[in-house]
Amino acid sequence: MDTLIRFLFDQYRVRGQIVRIDAAWAQVARRHQQHEGRDLAPTVRDRLGELSSAGLLLAASLKFDGALLMQIQGAGPVALFVVECESGGSFRATLKLRPGATVPHDASLADMVNRNDAGRFAVTLVPDKASGRERAQVASGQGGARASITSPYQGIVPFESETVAGALERYMQRSEQIPTRLWLAADGERAVGLLLQRLPDEGGQPAASDADGWNRMQRLADTVTRDELLALPPDELLRRLFWQESLHAFDERACRFACRCTRDKVGDMLKMLGSDEVEAILAERGDIEVRCEYCNQAYRFDVVDSVALFHATPAAASRTDH
Ligand SMILES: [Zn+2]
């Protein structure tokens, strides 16, 4: 059931997408049940799920092959939410709490990340053909915490909403000037998202005559409850909400969890730490274990690996790649 459906309303210039991730989300949710040895408040997990479904919705509208990275840089108990989605339908997600921070279980997203209005919401678009530094850094950062956020495609806006959907709607309005509405829900089992977007006419402007259609589709979608979003299969949800409308579903694609971490990327990260630092850790502990914060895969480097990393000649290094 990890699927994303795109649709159009034939009589209006309104498009939509609905995504539901079950198995793929449950995998991620399980990995984040505990954070630094303590149970994670479900409200934090659910916000990460909503961000994941929203990321998949936005990534499915990219006009290039590549990745969409969403980060909430939190001022509050949650330091960071990161969701990375590929236009092909894969995603990964992680979060970071401030050390020792606790999140009340009724905390809103704003409570978690927007103390003193200092939260920031960043969206980074990384086309595949931008094989440069930005993408390498985004991919190899130890989890999201060190991911580079200095790409030319990045938009950062102040955090201005109580909800994930609200924050994204504001972002879309500010940066893309596309009227966009989102309805999101997540629990430990699944994450679901519905997106509606008003299409510009041929001249690039929203057609005045379509305002009624746009308003009407929003009103219909506004009737959906969190329980319905989580309980109903996507096609049934669309039927219930828009049964009077001529809705044309034209594309369905699979979504999945996929991590892009590799031993080579972790090695690159250790190189950036420098040989002095790495040797000091090796002297103290015997080996270095780096765990991917997205998928929990462990990468172990011992003294022999470290020598290969820092002292291999370019020719030898390229041989070990194959
Ligand atoms: Zn990984």
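This is a predicted model: local features need pLDDT of at least 70, side-chain atom pairs count only at pLDDT 80 or more; totals for chains, interfaces and linings use all residues.
1. Start with a charge and a ring. The charged end of Arg263 sits over the ring of Phe301, 4.1 Å from the ring's centre.

2. The protein has twelve helices and 15 strands. Of its 322 residues, 52% are buried. Take the contacts between residues at least 6 apart in sequence: 68% of them join residues at least 24 apart.

3. Next come the aromatic rings. How many aromatic pairs does a search of the whole structure find? The search finds five. One of them is formed by Phe7 and Phe242, with 6.4 Å from centre to centre and 45° between the planes, and this pair is tilted. Phe7 belongs to strand S1 (residues 3–9), while Phe242 is in the loop between helix H8 (234–241) and strand S12 (247–254). The two residues are 235 residues apart, and their pair links distant parts of the chain. Phe7 counts as buried because its relative accessibility is 0%. Phe242 has a relative accessible area of 2%, so Phe242 is buried too.

4. Another pair consists of Phe91 and Phe257. Their ring planes stand at 85° with the centres 6.1 Å apart, so this pair is edge-to-face. Phe91 is in strand S7 (residues 90–97) and Phe257 is in strand S13 (residues 256–257). Is Phe91 buried or exposed? At 1% relative accessibility, Phe91 counts as buried. Phe257 has a relative accessible area of 14%, and the cut-off for buried is under 20%, so Phe257 is buried.

5. The rings also group beyond pairs. Phe7 and Phe242 belong with Phe9 to one aromatic cluster.

6. Gln17 deserves a look. This residue is found in strand S2 (residues 14–21). Gln17 is buried because its relative accessible area is 0%. What surrounds Gln17, leaving aside its neighbours within four places in sequence? Gln17 is in contact with Leu4, Ile5, Arg6 and Phe7, with Leu57, Ala60 and Ser61, and with Gly193, Leu194 and Leu195. Ile5 is twelve residues away along the chain, yet the C-alpha atoms of Gln17 and Ile5 are separated by 5.5 Å.

7. Helix H1 covers residues 23–31 and helix H2 covers residues 42–59. These two helices pack at an angle of about 145°, and their axes are 11 Å apart. The crossing of H1 past H2 is right-handed. From H1, the contact uses Trp25, Val28 and Ala29; from H2, Arg45, Leu48, Gly49 and Ser52. Sorted by class, the contact of H1 with H2 holds four nonpolar residues, two polar residues and one charged residue.

8. Which residues of H1 are buried? They are Ala24, Trp25, Ala26, Val28 and Ala29. An α-helix has 3.6 residues a turn, so residues three or four places apart point the same way. The buried residues of H1 pack against several elements: S2, H2, S7, strand S11 (191–198) and S13.

9. H2 has a further partner in helix H5 (residues 164–176). H2 and H5 pack at an angle of about 35°, with their axes 10 Å apart. Their crossing is right-handed. On the H2 side the contact is made by Arg47, Glu50, Leu51, Ala54 and Leu58, and on the H5 side by Val164, Leu168 and Met172. The residues of the contact of H2 with H5 divide into six nonpolar, two charged and no polar.

10. Glu50 has its place in helix H2. Its relative accessibility is 8%, so Glu50 counts as buried. Not counting residues up to four places away in sequence, Glu50 touches Val164, Leu184, Ala185 and Ala186. Val164 is also among the H5 residues that make the contact with H2.

Terms used: Residues are numbered from 1 along each chain as its sequence is written. Side-chain values use heavy atoms; hydrogens and water are left out. Axes are lines fitted to C-alpha atoms, for helices over the stretch in contact, and angles run from 0 to 180 degrees between N-to-C directions. Helices (H or I, at least four residues) and strands (E, at least two) are DSSP runs, numbered from the N terminus. A crossing is left-handed if the near helix is turned anticlockwise from the far one by less than a right angle, and right-handed if clockwise. Contact means heavy atoms within 4.5 Å. Ala, Val, Leu, Ile, Met, Phe, Trp, Tyr, Cys and Pro count as nonpolar, Asp, Glu, Lys and Arg as charged, and the others, Gly among them, as polar. Buried means under 20% relative accessible area, exposed over 50%, partly exposed in between (1.4 Å probe, protein chains only). Rings of Phe, Tyr and Trp (its six-membered ring) pair if their centres lie within 6.5 Å; planes under 30 degrees apart count as stacked, over 60 as edge-to-face and the rest as tilted. A charge sits over a ring if NZ of Lys or CZ of Arg is within 6 Å of the ring centre and within 35 degrees of the ring normal.
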